[in-house]
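Here's a quick briefing for anyone opening this structure for the first time. Take a look at the sequence and the model, then read on.

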Amino acid sequence: MELVRSIRSAERTISDMQIKGIIFDLDGVICSTDEFHYKAWKKMADDEGIYFDKEINERLRGVSRAESLEIILEKASRTYSDEEKTQMMEKKNQLYRDLLSEMSERNVTDEVRSTLEELRAKGLKLAIGSSSKNTAYILERIGLLSFFDDVSDGTIISRSKPDPEVFIKAAGMLHLKNDECIVVEDAKAGIDAAVSGGFASAGIGSAKDYSKCTYHLDSFSDVLAVV
């Protein structure tokens, strides 16, 4: 019922927006690599003697690797040079990629896979909008790279969420206007990015109850009800 109320109370209707494409965040939406990120950052921080916990990790959701490191370094007892920061980010990324190598098609739920198939059958264009530079690698590992028409990720953007750049580029790749797309996100920073870019937004997971969402999804398959 919550989803139905959200749809009926949305300021803009589907017919008004003429939705032709959906842009999905990756982590926490299509698959979950959050725990891998946490373990990699935790190992890097522990080796440096920097306090790091789940609460701090929550602040890293949806932001770039460089910005994530700056948040972690708020707890550091000394100042790090740019070269040291680069080495720390490289170390974290290697730890993360080592963990990602364990991923497979088993890391995607049947619900996600079948929903994507139904969306494609509806003729909708699908894209990924993620700040991660490992997006294509993850999609390949989980067997979903071919499901998406285009991928906009950390390798082609200069500003991370809540800046809308990653979503604007995704819409451009799909040859669609911003207001012809819905962004599906699990982080408030991602919803903020969608709103500032003029996109409709669907919040799921941690972002489900965020007031700025156009739609509030209880599960991934609920996206079918809004397109």
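Let's start with helix α9, whose buried residues pack against β1, β2, β3, β4 and α10. Those buried residues are E165, V166, F167, A170 and A171. "Buried" here means under 20% relative accessible area, "exposed" means over 50%, and "partly exposed" is in between, with a 1.4 Å probe and protein chains only. Keep in mind that this is a predicted model, where local features need pLDDT of at least 70 and side-chain atom pairs count only at pLDDT 80 or more, while totals for chains, interfaces and linings use all residues. Residues are numbered from 1 along each chain as its sequence is written, and side-chain values use heavy atoms, with hydrogens and water left out.

**A few terms first**

- Helices (H or I, at least four residues) and strands (E, at least two) are DSSP runs, numbered from the N terminus.
- Two strands pair if DSSP finds at least two bridges between them.
- A contact means heavy atoms within 4.5 Å.

**The sheet**

- An open sheet is built from 6 strands in the order β3-β2-β1-β4-β5-β6, with parallel pairing.
- At its edges sit β3 (150-152) and β6 (215-216), each of which pairs on one side only.
- Strand β2 (residues 125-129) runs parallel to β3 and is joined to it by 3 bridges.
- Along that pairing, I128 has V151 in β3 as its bridge partner, and G129 has S152 in β3.
- β2 also runs parallel to β1, this time through 4 bridges, and I23 is partnered with A127 in β2.
- Most of β2 is covered, with 4 of its 5 residues buried.

**Strand β4**

- How much of β4 is buried? The count is 5 of its 5 residues, so the strand is largely enclosed by the rest of the structure.
- Both faces are covered: C181, V183 and E185 are buried on one side, and I182 and V184 on the other.
- β4 and β1 run parallel and are joined by 4 bridges, with G21 standing opposite C181 in β4.
- β4 also pairs with β5 in the parallel sense over 4 bridges, and the bridge partner of E185 in β5 is G203.

- Helix α10 (residues 188-196) lies across β4 and β5 (200-203), running at about 165 degrees to β5.
- For these angles, axes are lines fitted to C-alpha atoms, for helices over the stretch in contact, and the values run from 0 to 180 degrees between N-to-C directions.

**Loops worth a look**

- In the loop between β3 and α9 you'll find P162, which is joined to K161 by a cis peptide bond with omega of about 20 degrees.
- H175 lies in the loop between α9 and β4. Its phi is positive, about 60 degrees, although H175 is not a glycine.
- Is H175 buried or exposed? It is exposed, with a relative accessible area of 69%.
- C213 has its place in the loop between β5 and β6, and C213 is buried, with a relative accessible area of 7%.
- Leaving aside neighbours within four places in sequence, C213 is in contact with I191, S201, G203 and A207.
- C213 and E180 are 33 residues apart in sequence and 16 Å apart in space, C-alpha to C-alpha.

**The largest pocket**

- The largest pocket holds about 680 Å³ of space.
- A pocket is found on a 1 Å grid over the protein atoms alone, as an open set of points where a 1.4 Å probe fits, with protein on both sides within 12 Å along at least five of seven lines; lining residues have an atom within 4 Å of a point.
- Grid points are joined across faces, edges and corners, and the volume is the space filled by probe spheres set on the points.
- Its lining has 35 residues, of which H37, L60, G62, V63 and S68 lie nearest the centre of the pocket.
- The elements giving two or more residues to this lining are α3 (34-48), α4 (54-58), α5 (65-72) and α6 (82-100).
- α3 provides the largest share of the lining, 5 residues.
- By class, the lining has 9 nonpolar, 13 polar and 13 charged residues.
- Ala, Val, Leu, Ile, Met, Phe, Trp, Tyr, Cys and Pro count as nonpolar, Asp, Glu, Lys and Arg as charged, and the others, Gly among them, as polar.
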